Amino acid sequence: MMKHAYLIIAHSNLKQLHKLLLLLDDPRNDIYIHLDLKSNLDIKKITPPDMKYSHCKFCERVDVRWGNVSLIQAEMNLFELASQVEHAYYHLISGIDLPLHSQNYIHNFFDGKNFEYIGYSPKWDMRERVYCHNLFMQYMRFPNQYIRGGLQKMRQLYNKLQILVGYKMKQPDYEFQAGCNWVSVTHDFILSLLDRKDEILQMYQYAYCPDEIYKQTFAYNSEFRNRIYKLTDEFEGCLREIDWKRGRPYIWRKEDYDYLSHSNKLFARKFDENVDEEIINMLINKIKNESNS
């Protein structure tokens with residue numbers, strides 16, 4: 001049986017990241033990490049000293065900016081490193097995610113399957129996101145709120161002007177799709193995506209939040225369309241519990257334990273030990289009990 005690869009986009013919360021890595025520590029898993037170039041974490045301290053089975057490998061680091069093509073570059077770096085060894089599935093998660101089930105459960109779920117678990121959302125307007133030249137995307141999380149707000153207003157006004165005059169950036173004849181960034185996909189999918197890396201980076205250079213567009217669009221306009229698990233339910237399609245109704249996204253808390261513990265999804269985001277560490281520990285204990293049963 002081929003191993004699974006966990007690809008982690010990490011930035012902060014070292015203690016919480018250690019808990020995640022220990023949940024993934026399994027002889028059937030390889031772990032690959034992208035640590036944001038801006039992070040002040042010591043890369044030498046990221047691997048927990050008590051890991052027994054999996055080895056953490058680190059890809060080339062990128063200065064990731066929210067909503068910017070830089071996140072695609074970071075993901076491509078992870079894909080390139082992880083795909084040097086063939087894995088059954090590649091699970092892209094963040095350092096503030098958690099699995100909701102044991103590794104036995106997760107491996108049994110994927111055993112014998114050949115779907116691409118990618119979330120699709122029908123509500124996104126691709127006109128502004130893909131066909132407009134979006135200015136200042138690398139500064140959308142600028143620390144100064146007044147500068148950040150001013151740049152956002154300028155971007156929005158410039159986009160309205162582009163739409164008003166009928167300007168559209170030249171793009172391939174694709175049916176652009178969007179949805180959740182976090183996916184679980186096959187080795188074949190990763191290799192095909194990497195074959196188009198240069199085209200993808202160029203195509204989304206000025207797009208808005210292209211990390212939530214490029215994988216969906218690639219799969220939808222390729223031979224992998226027939227392997228997409230579910231087009232009609234974004235979060236069931238990618239096997240993730242993510243709540244955008246109560247937050248951006250909502251940070252799970254201990255009162256959500258019953259809901260999460262009975263979920264048929266495999267992963268959840270997001271968690272923050274500084275907001276509610278108890279829910280993290282409750283899920284860890286649940287997974288440990290599931291592993292021992």
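1. A salt bridge is taken here as a side-chain nitrogen of Lys or Arg within 4 Å of a carboxyl oxygen of Asp or Glu. On that criterion, the whole structure contains 19 salt bridges. The model is predicted, with local features requiring pLDDT of at least 70 and side-chain atom pairs counted only at pLDDT 80 or more, whereas totals for chains, interfaces and linings use all residues. Residues are numbered from 1 along each chain as its sequence is written, and side-chain values use heavy atoms, with hydrogens and water left out.

2. Lysine 38 sits in the loop between strand E2 (29-35) and strand E3 (56-58), and aspartate 63 in the loop between E3 and helix H2 (70-82), so the bridge ties together parts that are 25 residues apart in sequence. Helices (H or I, at least four residues) and strands (E, at least two) are DSSP runs, numbered from the N terminus. Lysine 38 is partly exposed at 40% relative accessibility, and aspartate 63 is partly exposed at 26%. Buried means under 20% relative accessible area, exposed over 50%, and partly exposed in between (1.4 Å probe, protein chains only).

3. A salt bridge also links aspartate 97 to arginine 269, the closest N and O atoms being 3.0 Å apart. Aspartate 97 belongs to the loop between strand E4 (89-94) and strand E5 (98-99), and arginine 269 to the loop between strand E8 (267-268) and helix H11 (273-292); the pair therefore ties together parts that are 172 residues apart in sequence. Aspartate 97 counts as buried at 2% relative accessibility, as does arginine 269 at 11%.

4. Arginine 196 bridges to glutamate 199, with the closest N and O atoms 2.7 Å apart. Arginine 196 is partly exposed at 30% relative accessibility, and glutamate 199 is partly exposed at 29%. Elsewhere, shared partners join the salt bridges of Asp36, Lys38, Asp63 and Arg65 into one network.

5. Five strands form an open sheet in the order E3-E2-E1-E4-E6, with mixed pairing. E3 and strand E6 (184-185) are at the edges, each with a single partner strand, so one side of each has no neighbour in the sheet. Strand E1 (residues 4-10) pairs with E4 in the parallel sense over six bridges; pairing requires at least two DSSP bridges between two strands. Within this pair, isoleucine 8 stands opposite isoleucine 93 in E4.

6. A polar atom of the aspartate 25 side chain is 2.8 Å from the backbone nitrogen of tyrosine 53. Not counting residues up to four places away in sequence, aspartate 25 touches Asp50, Met51, Lys52, Tyr53 and Ser54, where contact means heavy atoms within 4.5 Å.

7. Tryptophan 182, in the loop between helix H5 (145-165) and E6, is buried with a relative accessible area of 10%. Its C-alpha atom is separated by 7.7 Å from that of histidine 91, which is 91 residues apart along the chain. Leaving aside neighbours within four places in sequence, the contacts of tryptophan 182 include Ile9, Ile93 and Arg269.

Notes:
A polar contact is a pair of N or O atoms within 3.5 Å; within protein, one must be able to donate a hydrogen and the other to accept it, and residues adjacent in sequence count only if both atoms are side-chain atoms.
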